[in-house]
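Please walk through the model below from its overall layout down to single residues.

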Amino acid sequence: MAEQISPPATPEPTELWVERTGTRAYTGRSSRGAEVLIASQGVPGAFTPGELLKIALAGCSGLSADFSLARKLGDSFDATIRVSGDADRENELYPQLEETFQLDLSELDEQARERLLVTVQRAIDKACTVGRTLQAGTKVTLSFDIEA
């Protein structure tokens with residue numbers, strides 16, 4: 001009788017929530033134990049929601065590109081991804097976000113650099129869920145769980 005192999009277990013979805021900690025101040029939490037401070041602009045040590053959106057985009061791009069970059073540059077490569085974009089306060093949205101990937105590719109010749117950058121762009125376009133969501137738009141629903 002052949003041995004049955006079970007498929008790998010699907011990890012439980014991470015629960016995410018924010019808890020109010022003060023006037024216009026919240027702590028974002030995950031079921032994996034992560035925390036991030038969220039508050040109005042100018043509050044030391046905290047991100048604004050818009051800053052978190054930008055950080056999520058840059059982090060997603062980095063994670064999406066990491067394997068391709070490590071394969072070509074080695075596991076200890078340095079990278080910084082800067083992200084910016086001014087809010088349109090009249091419409092309360094970011095009309096444009098700009099990412100700049102800072103990499104040292106000086107050890108690669110021009111053709112190798114171009115090939116790597118095409119590969120990195122494709123990886124980001126394919127796998128960066130945050131960027132793909134922002135580009136496509138998404139439906140957001142809101143409900144209330146009221147104690148009365």
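The text that follows treats the whole chain before turning to selected residues.

This is a predicted model, in which local features need pLDDT of at least 70, side-chain atom pairs count only at pLDDT 80 or more, and totals for chains, interfaces and linings use all residues. Residues are numbered from 1 along each chain as its sequence is written, and side-chain values use heavy atoms, with hydrogens and water left out.

The protein chain contains three helices and five strands. Helices (H or I, at least four residues) and strands (E, at least two) are DSSP runs numbered from the N terminus. In sequence order the pattern reads β-β-β-α-β-β-α-α. The C-alpha trace of the protein chain extends over about 65 × 60 × 30 Å along its principal axes. The radius of gyration of the protein chain is 20 Å, whereas a compact globule of 148 residues would have one near 15 Å. That radius is taken over C-alpha atoms, and the globule rule is 2.2 Å times the number of residues to the power 0.38.

Burial is the next topic. Of the 148 residues in the protein chain, 21% count as buried; buried means under 20% relative accessible area, exposed over 50%, and partly exposed in between (1.4 Å probe, protein chains only). The accessible surface of the protein chain is about 12100 Å², and 51% of this belongs to carbon and sulfur atoms. These areas come from the Shrake-Rupley method with a 1.4 Å probe, and for residues only the protein chains shown count as cover. Among contacts (heavy atoms within 4.5 Å) in the protein chain between residues at least 6 apart in sequence, 37% join residues at least 24 apart.

As for charge, the protein chain carries 15 positive and 23 negative side chains, and the centres of the two sets are 3 Å apart. Lys and Arg count as positive and Asp and Glu as negative, while His and the chain ends are not counted. Each charge is placed at NZ of Lys, CZ of Arg, CG of Asp or CD of Glu.

Which residues does Ser64 contact beyond its neighbours within four places in sequence? They are Ala123, Ile124, Ala127 and Cys128. Ser64 sits in helix 1, which covers residues 49-73, and it counts as buried because its relative accessibility is 15%. Its side chain has polar partners, a polar contact being a pair of N or O atoms within 3.5 Å; within protein, one must be able to donate a hydrogen and the other to accept it, and residues adjacent in sequence count only if both atoms are side-chain atoms. The Ser64 side chain reaches the backbone oxygen of Cys60 at 2.8 Å. A polar atom of the Ser64 side chain also lies 3.3 Å from the backbone nitrogen of Cys128.

Val83 is placed in strand 4 and counts as partly exposed because its relative accessibility is 22%. With neighbours within four places left aside, Val83 is in contact with Lys54, Ile55, Leu57, Ala58, Glu98 and Glu99. Leu97 belongs to the loop between strand 4 and strand 5 and, at 23% relative accessibility, is likewise partly exposed. Not counting residues up to four places away in sequence, Leu97 touches Leu53, Lys54, Leu57, Ser84, Gly85 and Leu134. Leu97 and Lys54 are 43 residues apart in sequence, with a C-alpha to C-alpha distance of 7.6 Å.

The loop between strand 4 (79-84) and strand 5 (98-103) also holds Glu92. Glu92 is not a glycine, yet has a positive phi of about 50°; it counts as exposed because its relative accessible area is 54%. Arg24, in the loop between strand 1 (16-22) and strand 2 (25-30), has a positive phi near 50° and is also a residue other than glycine. With a relative accessible area of 61%, Arg24 is exposed.

Is Ala39 buried or exposed? Ala39 is buried, because its relative accessibility is 7%. Ala39 lies in strand 3, residues 35-39, and beyond neighbours within four places it is in contact with Arg24, Ala25, Ala46, Phe47, Thr48 and Pro49.

Lys139 lies in the segment after helix 3 (129-136) and counts as exposed at 74% relative accessibility. The C-alpha atoms of Lys139 and Ala46, 93 residues apart along the chain, are 27 Å from each other.
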